[in-house]
Amino acid sequence: MEAIYWSVIILLFIIAFIGLVFPVVPSVLFIIGGILLYGVFYSFEPFNWVFWTIQILFVILLFTADYAANMFGVKKYGGSKAGIWGSTLGLIIGPFVIPFAGILVGPFIGAALAEILFHRKDFKTAMKIGLGSVVGFISSVITKAVIQLGMIGYFLIVVLH
């Protein structure tokens, strides 16, 4: 039975990493779900207030890093808030319209279109801002992956100690 329990917990953690490239999958909820399932299957005893405080700080860091990386990518290449919102919408819609490639093409097109429509940027500048949104997305994925590894790693240290 223990193998089944750990398999379910690990599956939730794997789904959390899938959420890095498919933003409709709420990664952090799957990590927290894996932690809570460990508590249900085994015990909540290892999870004291220090554990939860650190996990909450990881979650805050995760959301902050996600927003900051996207904003940094768009702003560094000359974009505005409209470009950030366009990139975000493109990130959500892109994978549904263009499977697989939409995860990169969506933010690019979203940021570029938002800059053209709302700030009357020329095509070349809008494309540069679209590229910035892709750079921001990729750096966000890398940053979030490191933070999620930290969350899971800390969980494993606490429960396997």
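1. The expected span here is 1.5 Å times one less than the number of residues in the helix. Helices are DSSP runs (H or I, at least four residues) numbered from the N terminus. A word on provenance: this is a predicted model, where local features need pLDDT of at least 70 and side-chain atom pairs count only at pLDDT 80 or more, while totals for chains, interfaces and linings use all residues. Residues are numbered from 1 along each chain as its sequence is written, and side-chain values use heavy atoms, with hydrogens and water left out.

2. Staying with α1, its buried residues are Trp6, Ile9, Leu12, Phe13 and Ala16. They sit on the same side of the helix, because they cover an arc of only 120 degrees around the axis, the arc being taken from the directions between the helix axis and the C-beta atoms. Buried means under 20% relative accessible area, exposed over 50%, with partly exposed in between (1.4 Å probe, protein chains only). Ala3 and Ile4, on the other side of α1, are exposed. The buried residues pack against α2 and α6, with contact meaning heavy atoms within 4.5 Å.

3. The largest nonpolar core has 19 residues, and Phe13, Ile31, Ile35, Tyr38, Phe47 and Phe155 have the most contacts inside it. At least two core residues come from each of α1 (2–18), α2 (27–41), α3 and α6 (123–160), and α6 gives the most, with six residues. Another core, of six residues, lies apart from it and includes Leu20, Ile103, Phe137 and Ala145. For the record, a nonpolar core is a set of buried Ala, Val, Leu, Ile, Met, Phe, Trp, Tyr and Cys residues joined through side-chain atoms within 4.5 Å.

4. Tyr38 deserves a look. Leaving aside neighbours within four places in sequence, Tyr38 is in contact with Trp6, Ile9, Ser43, Pro46, Phe47, Phe155 and Val159.

5. On to α3. Its 28 residues should span 40 Å at 1.5 Å a residue, which agrees with the 39 Å between its end C-alpha atoms. Just after the helix, Gly78 takes a positive phi of about 95 degrees.

6. The buried residues of α3 are Phe51, Gln55, Val59, Leu62, Ala65, Ala69, Asn70, Gly73 and Val74. Their cover includes α2, α4 (81–97) and α6. Gln55 counts as buried because its relative accessible area is 1%. Beyond four places in sequence, Gln55 is in contact with Ile35, Met151, Tyr154 and Phe155.

7. Gly136 lies in helix α6 and counts as buried because its relative accessibility is 0%. Apart from neighbours within four places in sequence, Gly136 is in contact with Ala69, Asn70 and Gly73. The C-alpha atoms of Gly136 and Lys75 are separated by 9.5 Å, with the two residues 61 apart along the chain.

8. One backbone point to check by eye: Arg120 has a positive phi of about 50 degrees although it is not a glycine. Most residues other than glycine have a negative phi. Arg120 is in the loop between α5 (102–119) and α6, and counts as exposed because its relative accessibility is 69%.
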